[in-house]
Amino acid sequence: MTIDQTVFAVVIVLVIAGASAMLIGVAQIRSARTLRYFLLRRERIMAAWRLVGLGTVLVIAGLAGTRFGRQAAYVIVRPTPSVTSSPTTTRTPTITSSPTVTLTPTITATPSITYTPTATGTPQLPPEIQILIRSTESIDGDPLFSQPVLSKRLDRENQPIAPAEDFNNPLGTLYAAFTYNNLSNDVRWTAIWYLGEEVICLETQLWDGGTGGYGYTECSPDVWMPGEYEIRIFWGTRWMTSVRFEVIGEPVTATPLPVPGATTTPSA
């Protein structure tokens with residue numbers, strides 16, 4: 001049972017228990033009024049009103065759980081990963097896997113390697129990266145990566161803020177956030193950013209982000225040239241998912257300022 005299902009079940013139990021307590025309390029108030037002895041009648045009525053008050057508190061707690069129960073549960077217990085559909089704000093590649101999970105891997109700096117992809121149906125890992133894969137790195141289970149979602153900023157949970165498919169120059173760092181599940185540490189993962197067939201950013205390292213969570217890859221080239229970009233993510237040598245986005249507009253370049261007092265010497 002997921003956290004959302006558990007919260008919903010708790011809300012239902014609280015509302016039912018509260019409503020039952022209120023109904024029992026009202027019934028006891030009515031029956032207590034028929035008692036002949038004042039002290040016994042008052043004691044029974046006080047107990048019934050306490051039961052009505054308890055029922056009211058339970059109903060209010062159940063209604064509050066519909067609004068704040070999920071956030072409170074995520075504070076106490078980290079959500080377990082579950083596979084969901086890919087976000088609607090991304091372009092669709094030929095094949096995608098889309099889980100929803102927690103926690104972040106650590107991303108390293110981006111070395112630059114130029115690689116021309118081969119014309120095949122499935123993206124291939126560049127040979128420069130394949131030689132880094134150790135034979136002892138086994139891929140167990142069914143690793144899953146969601147399709148990355150592009151954004152200029154991420155929140156504290158590494159979720160994209162104002163995701164988009166197209167970005168206007170000037171641009172700084174772009175983030176591609178994704179979710180993952182069924183992974184294991186010490187297996188090499190790779191994220192490659194392409195402009196056409198040119199690699200502009202590359203991240204590759206041994207995975208240390210745990211089984212499931214929220215992750216991201218980032219890219220900060222000197223200049224974002226206009227055109228269509230593609231991000232490919234590999235687990236070991238296996239291609240997992242891709243996403244495309246577009247950069248619009250010419251990049252802003254700095255204009256050199258004239259040096260005061262400088263003169264031009266004519267050539268002979």
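This is a predicted model: local features need pLDDT of at least 70, side-chain atom pairs count only at pLDDT 80 or more; totals for chains, interfaces and linings use all residues.
## Confidence of the model

The chain has a mean pLDDT of 79, and 73% of its residues reach 70 or more. Among the elements of the chain, strand S4 (residues 149-151) has the highest confidence, at a mean of 96. The lowest value belongs to strand S1 (residues 82-83), with a mean of 50.

Two stretches call for separate mention. Residues 108-119 have a pLDDT below 50, and this stretch has 29 contacts in the model beyond near neighbours in sequence. Residues 262-268 also stay under 50. For residues 262-268, however, the model has zero contacts beyond four places in sequence.

## Helix H1

Helix H1 covers residues 3-32 and comprises 30 residues. The distance from its first C-alpha to its last is 43 Å, which is close to the 44 Å expected at 1.5 Å a residue.

Several positions of H1 are buried: Ile-3, Val-7, Val-11, Gly-18, Ala-21, Gly-25, Ile-29 and Ala-32. A nonpolar surface patch of about 310 Å² is formed by Phe-8, Ile-12 and Ile-16.

Side chains of opposite charge can pair when their charged atoms come close. The structure holds three salt bridges. Glu-228, Glu-230, Arg-232 and Arg-244 are joined by such bridges into a network.

Arg-244 takes part in a salt bridge with Glu-228, where the closest N and O atoms lie 3.9 Å apart. This pair connects distant parts of the chain, with Arg-244 in strand S13 (residues 238-248) and Glu-228 in strand S12 (residues 227-235), at a separation of 16 residues. Arg-244 also meets Glu-230 in a salt bridge, with an N to O distance of 3.9 Å. Here too the partners come from distant parts of the chain: Arg-244 belongs to S13 and Glu-230 to S12, and they are 14 residues apart. A further bridge joins Arg-232 to Glu-230, with 3.3 Å between the closest N and O atoms.

Arg-232 counts as buried because its relative accessibility is 11%. Glu-230 is buried as well, since its relative accessible area is 12%, and the cut-off for a buried residue is under 20%.

## Backbone features in the loops

The peptide bond from Asn-169 to Pro-170 is cis, and its omega is near 0°. Pro-170 occupies the loop between strand S7 (166-168) and strand S8 (174-181).

For Asn-158, phi is near 60°. Asn-158 is in the loop between strand S5 (153-154) and strand S6 (160-161), and it is classed as buried because its relative accessibility is 11%. For Ala-162, phi is about 55°. Ala-162 is part of the loop between S6 and S7. Ala-162 counts as exposed because its relative accessibility of 62% is over the 50% cut-off.

## Surroundings of Leu-171

Leu-171 is another residue of the loop between S7 and S8. With a relative accessible area of 17%, Leu-171 is buried. Residues up to four places away in sequence aside, Leu-171 touches Lys-152, Trp-224 and Val-247.

Leu-171 and Asp-222 are 51 residues apart along the chain, while their C-alpha atoms are separated by 9.7 Å.

Note on methods
Residues are numbered from 1 along each chain as its sequence is written. Side-chain values use heavy atoms; hydrogens and water are left out. pLDDT is the predictor's confidence in each residue, from 0 to 100. Helices (H or I, at least four residues) and strands (E, at least two) are DSSP runs, numbered from the N terminus. Contact means heavy atoms within 4.5 Å. The expected span of a helix is 1.5 Å times one less than its number of residues. Buried means under 20% relative accessible area, exposed over 50%, partly exposed in between (1.4 Å probe, protein chains only). Patches are made of residues with over 30% relative accessible area and no salt bridge: like charges are joined within 9 Å, nonpolar side chains (Val, Leu, Ile, Met, Phe, Trp, Tyr) within 5 Å. Accessible areas come from the Shrake-Rupley method with a 1.4 Å probe; for residues, only the protein chains shown count as cover. A salt bridge is a side-chain nitrogen of Lys or Arg within 4 Å of a carboxyl oxygen of Asp or Glu.
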